[in-house]
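Reader: I am new to this structure. Please show me how to read it, feature by feature.

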Amino acid sequence: NSLPDLGEQLYHEVDLATHINKFNPGDTVGTISYVADARTLEENEALEEVTMKQLGVKNVDMEELANNSFPKSLFALDLVKPADYENICRAHCPVLQRRIVVNVVRRFVRVKPSAMRAPYATIHTDERRTAAENKWFV
């Protein structure tokens, strides 16, 4: 869902994909994305490699989620067990309990937004967070 917002991608790889909870035909699935890392490529400073964690969530109003805070532990790159997700959600974000259906960690190389001309450099941010915390895409 968020890939069009991430700019022109030159290379894309899925490092991990796991199912967390069941979903059924007719369920609506949205995506919460977290940029875990972005580093400029030494070979070409106009390019960057981005590591992103995405959670597919079912039957949740994504606009409602934009008003919630999520614990950083929910976006740990090595978090894969369904029970671990449920424990974090139960303690910190009950709105997602039993609603996370898939966990995906992907890496891609893209043209840096600063190297592109508008309107292609689009980043969705949460104004309540500091600039250092503002790595969320919803």
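Reader: Which residue forms a salt bridge with glutamate 49?

Author: First, the term: a salt bridge is a side-chain nitrogen of Lys or Arg within 4 Å of a carboxyl oxygen of Asp or Glu. Here, glutamate 49 pairs with arginine 107, and their closest N and O atoms are 3.5 Å apart. Glutamate 49 lies in strand S3 and arginine 107 in strand S4, so the pair ties together parts that are 58 residues apart in sequence. Salt bridges that share partners join Glu13, Asp15, Arg39, Glu49 and Arg107 into one network.

Reader: What should I know about the model and its numbering?

Author: This is a predicted model: local features need pLDDT of at least 70, side-chain atom pairs count only at pLDDT 80 or more, and totals for chains, interfaces and linings use all residues. Residues are numbered from 1 along each chain as its sequence is written, and side-chain values use heavy atoms, leaving out hydrogens and water.

Reader: What is the mean pLDDT of the protein chain?

Author: pLDDT is the predictor's confidence in each residue, from 0 to 100. The chain's mean is 84, and 81% of its residues reach 70 or more. Over residues 120–138 the pLDDT is below 50. Where pLDDT is low, the predicted coordinates should not be read in detail.

Reader: How many bridges join strand S2 to strand S3?

Author: Strands (E, at least two residues) and helices (H or I, at least four) are DSSP runs, numbered from the N terminus. Two strands pair if DSSP finds at least two bridges between them. Twelve bridges join S2 (residues 29–41) to S3 (residues 44–58), and the two run antiparallel. A hairpin of two residues connects them. Valine 35 has methionine 52 in S3 as its bridge partner.

Reader: Is tyrosine 34 buried or exposed?

Author: Buried means under 20% relative accessible area, exposed over 50%, partly exposed in between (1.4 Å probe, protein chains only). Tyrosine 34 has 7% relative accessibility, so it counts as buried. Tyrosine 34 lies in S2.

Reader: Which residues of H2 are buried?

Author: An α-helix has 3.6 residues a turn, so residues three or four places apart point the same way. In H2, the buried residues are Tyr85, Glu86, Ile88 and Cys89. Seen down the axis of H2, they fall within an arc of 165° (taken from the directions from the helix axis to the C-beta atoms), so they line one face of the helix. Their cover includes S3 and S4.

Terms used:
Contact = heavy atoms within 4.5 Å.
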